[in-house]
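Please keep the sequence and the structure in view while reading.

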Amino acid sequence: MGTAANELNALGIATPAAGADIPPLDVARLRDDFPILAREVNGRPLVYLDNAATSQKPRCVIDAQAHYYAVLNANVHRGVHRLSQEATDAFEAARDTVQRFVNAARREEIVFVRGTTEAINLVANSFGGRFRPGDEILITAMEHHSNIVPWQLACERTGAVLKVAPVNDDGELLVAEFERLLGNRTRIVALAHVSNALGTINPVRELIDMAHARGVPVLLDGAQAVPHVAVDVQALDCDFYAFSAHKLYGPTGIGVLYGKAALLDAMPPWQGGGDMIRQVSFAGTTYNELPYKFEAGTPDIAGAIALGAAIRYVEETGIAAIAAHEDALLEHATRQARAMPGLRLVGTARNKAAILSFVFDDIHAHDVGTILDHEGVAVRTGHHCAMPLMERFGLPSTVRASFAMYNTHDEVDALFAALRRVREVFDG
C-alpha cells in the first residue's frame with residue numbers, strides 16, 4: 001500500500017504505533033502450517049494465487065473443526081448435558097474472539113451468518129424493510145454482486161431507488177460524485193471496504209463521516225479487507241460491517257455481521273425458527289435478545305469455532321506484518337506486470353490491497369487461466385461477480401492474481417514465467 005499513516009487511517013486501516021517494529025514474516029515456517037501448499041498440480045508445485053476467492057486453511061483451523069465433531073459434537077444453547085454446555089462455551093468464545101478482532105463495543109453486536117452475502121441480505125431485508133417509494137440506497141460502481149442484488153431486491157419490494165457512485169479509470173471512487181449523490185432521501189450507504197475485482201481500498205472513514213453528517217447509516221462489505229488490514233469498527237464508526245471466514249483462512253459457510261446494538265435492536269428478525277425466540281404461542285411470538293434474534297436454527301457451530309481459530313492464527317502472526325508482506329508482493333508483481341509487453345493492469349488505484357487484475361493482449365482470460373493452471377499456477381478468471389464494473393472498463397473479464405501471507409516472491413516470479421509461456425503458446 002505504501003501510504004502514510006494519516007492516509008491509512010482515512011482508509012479505515014488501523015496503523016501500528018509510531019516507531020513500532022514490524023518483524024518480517026517467516027514465510028517458510030508459515031507455509032508449513034498450510035497442508036495444501038505441499039500439493040503438486042500437473043506435476044508442478046502448487047502456486048496458489050486465488051486468495052481473493054478463498055484462502056487456504058492452516059492446520060489449527062482444520063484441527064479446530066475436526067475437534068468439535070470428534071469431541072464436542074452437540075447442539076448449542078439448548079442442552080443441560082455436558083457436551084451441549086462445552087459446545088456452547090466454545091461457540092460463544094468464538095463470538096468473543098470476533099468481537100475483539102473487530103473491536104466491537106459489545107459481544108451482542110456480533111451475529112453469526114453464512115457469510116458476507118447473507119449478512120448483506122439480512123440488513124437489506126430487515127433494516128431495508130422500512131424503506132418507502134422514492135427512498136434512495138447509495139452504492140458504488142465497484143461492488144460485488146452480493147452488495148448489488150440484495151439492494152435491487154429491496155428496491156423491488158419497497159419502491160426505493162438504487163444510486164451508484166462512479167469510479168475513475170484507475171478504479172478509484174469519485175468521492176465528489178459520491179458526496180453529491182448523498183441526498184435527503186438516502187436511507188443507507190453500502191460499499192466495499194476493499195474491491196474484490198481491483199484491490200482498491202476505499203477511503204471509508206471519510207465516506208462514513210460524509211454519510212453520518214447527513215444522518216445516513218453505512219454498511220461496509222469487509223470480505224476483502226479483514227484478511228489484509230486491521231479493522232476497528234468503533235474507530236470507523238460504521239453502522240454495519242460484514243465479512244466471511246473463508247477469505248480469512250477460516251472455513252466456508254460461516255461469516256459475521258457486526259451491527260451497532262441500537263440499530264440491531266430496532267430491526268425485526270429476518271428468519272424465524274428455533275433459538276431466535278423467547279416465547280412462542282399460536283397467539284404470537286416474542287423474540288430473543290441480541291444477537292440470537294438474528295440466528296435462527298442450528299448455527300454452523302464447527303465453523304464458528306474454526307473461525308475463532310483462524311482469527312487467533314492471524315492475530316498471532318500479526319496483521320501489520322501480513323499487510324507489509326503482501327504489500328511487498330504486490331509491488332513486486334506490479335513492477336513485473338508493467339514491464340511485460342501486452343499486459344494491461346485493470347485497477348491502478350494508489351491505495352490497493354493484494355490484488356492484481358489484468359488483461360493480456362487479446363487472449364481471453366479463461367485461456368490465460370487454463371495455461372497458467374497447466375504450469376501449476378492457480379488464478380481466478382472471469383467477471384469476479386462484478387459485472388457492472390467490468391462493463392465500466394469495457395471488458396468481459398480479467399485475470400486476477402491475489403496474494404496471501406503464505407505467498408512468496410518466487411511464486412510471483414512463477415506467475416510471470418507462466419505468462420511468458422502463455423505468450424509462447426499463442427505466438428506458436
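In which crossing, left-handed or right-handed, does α12 pass α15? The crossing of α12 and α15 is right-handed; a crossing is left-handed if the near helix is turned anticlockwise from the far one by less than a right angle, and right-handed if clockwise. The model is predicted, so local features need pLDDT of at least 70 and side-chain atom pairs count only at pLDDT 80 or more, while totals for chains, interfaces and linings use all residues. Residues are numbered from 1 along each chain as its sequence is written, and side-chain values use heavy atoms, with hydrogens and water left out.

**Helices α12 and α15**

- Helix α12 covers residues 319-339 and helix α15 residues 409-427; helices (H or I, at least four residues) and strands (E, at least two) are DSSP runs, numbered from the N terminus.
- The axes of α12 and α15 come within 10 Å and cross at roughly 25°.
- The crossing angle therefore makes α12 roughly parallel to α15 (angles under 35 degrees count as roughly parallel).
- Axes are lines fitted to C-alpha atoms, for helices over the stretch in contact, and angles run from 0 to 180 degrees between N-to-C directions.
- Ala328, Leu329, His332, Ala333, Gln336 and Ala337 of α12 are in contact with His409, Val412, Asp413 and Phe416 of α15 (contact means heavy atoms within 4.5 Å).
- By class, this contact of α12 with α15 has six nonpolar, three polar and one charged residues; Ala, Val, Leu, Ile, Met, Phe, Trp, Tyr, Cys and Pro count as nonpolar, Asp, Glu, Lys and Arg as charged, and the others, Gly among them, as polar.

**Helices α5 and α6**

- The axes of α5 and α6 (residues 149-158) come within 9 Å and cross at roughly 15°.
- This angle means that α5 is roughly parallel to α6.
- Helix α5 passes α6 in a right-handed crossing.
- On the α5 side the contact is made by Ile120, Asn121, Val123, Ala124 and Asn125, and on the α6 side by Pro150, Trp151, Ala154 and Arg157.
- The contact of α5 with α6 comprises six nonpolar, two polar and one charged residues.

**Backbone features**

- Leu290 and Pro291 are joined by a cis peptide bond, with omega about 0°.
- Pro291 lies in the loop between β12 (284-287) and α11 (301-317).
- Asn103, a residue other than glycine, has a positive phi near 60°.
- Asn103 is located in the loop between α4 (82-102) and β4 (110-113).

Definitions and conventions
Parallel < 35°, antiparallel > 145°, perpendicular 65-115°, else oblique.
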